[in-house]
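Please view the sequence and the model together.

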Amino acid sequence: MPIQRPPALPALAALPLRRVDRVCAGDEDGGKDDEGSGDSQIGVATKTRAKPKKPNQYKVLMLNDDYTPMEFVVLVLKRFFSMDLEQATRVMLHVHQRGVGVCGIFPYEIAETKVNQVMDFAKQNQHPLQCTLEKA
């Protein structure tokens, strides 16, 4: 009777497994298992990625004054805060009636840029419109 050979193994299956000691953060016994034998275990080494922290958010606030025309405020809200006419009118009326209103909430750099753009645009058009930011 002829001797039969086993089928050839794929190349990856022939590679030896690496032994990995698993140590968990805060593991006081140095990664030994609960029985304390200290035996290495076969496992997969993984890398954990820290999730990036969301940037702090800031409110851009517009302040009411008695001189800046309402139409100009609506124009500013449409141009710098991408509001449609209805939303810009609503925010403008809120600022007019309550003295201050939120134009948007952004990361610090964006909020600061928007405040500067609004202030520069108002100054160019000779309006005393004030805009500021505060932490959300």
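## Helix pair

In α1, M70, V73, V74, L77 and K78 meet L85, A88, T89, V91, M92 and H96 of α2. Meeting here is contact, with heavy atoms within 4.5 Å. This is a predicted model: local features need pLDDT of at least 70, side-chain atom pairs count only at pLDDT 80 or more, and totals for chains, interfaces and linings use all residues. Residues are numbered from 1 along each chain as its sequence is written, and side-chain values use heavy atoms, leaving out hydrogens and water.

The axes of α1 and α2 come within 9 Å and cross at roughly 125 degrees.

## Helix α1

Helix α1 spans residues 70–81, 12 residues in total. From first C-alpha to last, α1 reaches 16 Å, close to the 16 Å expected at 1.5 Å a residue. Just after α1, S82 takes a positive phi of about 50 degrees.

Which residues of α1 are buried? They are F72, V73, V74, V76, L77, F80 and F81 (buried: under 20% relative accessible area, 1.4 Å probe, protein chains only). Their cover includes β1 (57–63), α2 (85–98), β2 (100–107) and α3 (108–124).

## T68 in the loop

T68 sits in the loop between β1 and α1. T68 is buried, at a relative accessible area of 11%. Leaving aside neighbours within four places in sequence, T68 is in contact with V73, H127, P128 and L129. A polar atom of the T68 side chain lies 3.4 Å from the backbone nitrogen of L129.

Conventions: Helix = DSSP H or I, 4+ residues; strand = E, 2+ residues; numbered from the N terminus. Expected span 1.5 Å × (residues − 1). Buried < 20%, exposed > 50% of the residue type's maximum accessible area, 1.4 Å probe, protein only. Polar contact = N/O pair within 3.5 Å; in protein donor to acceptor, adjacent residues only side chain to side chain. Axes fitted to C-alpha atoms, helices over the stretch in contact; angles between N-to-C directions.
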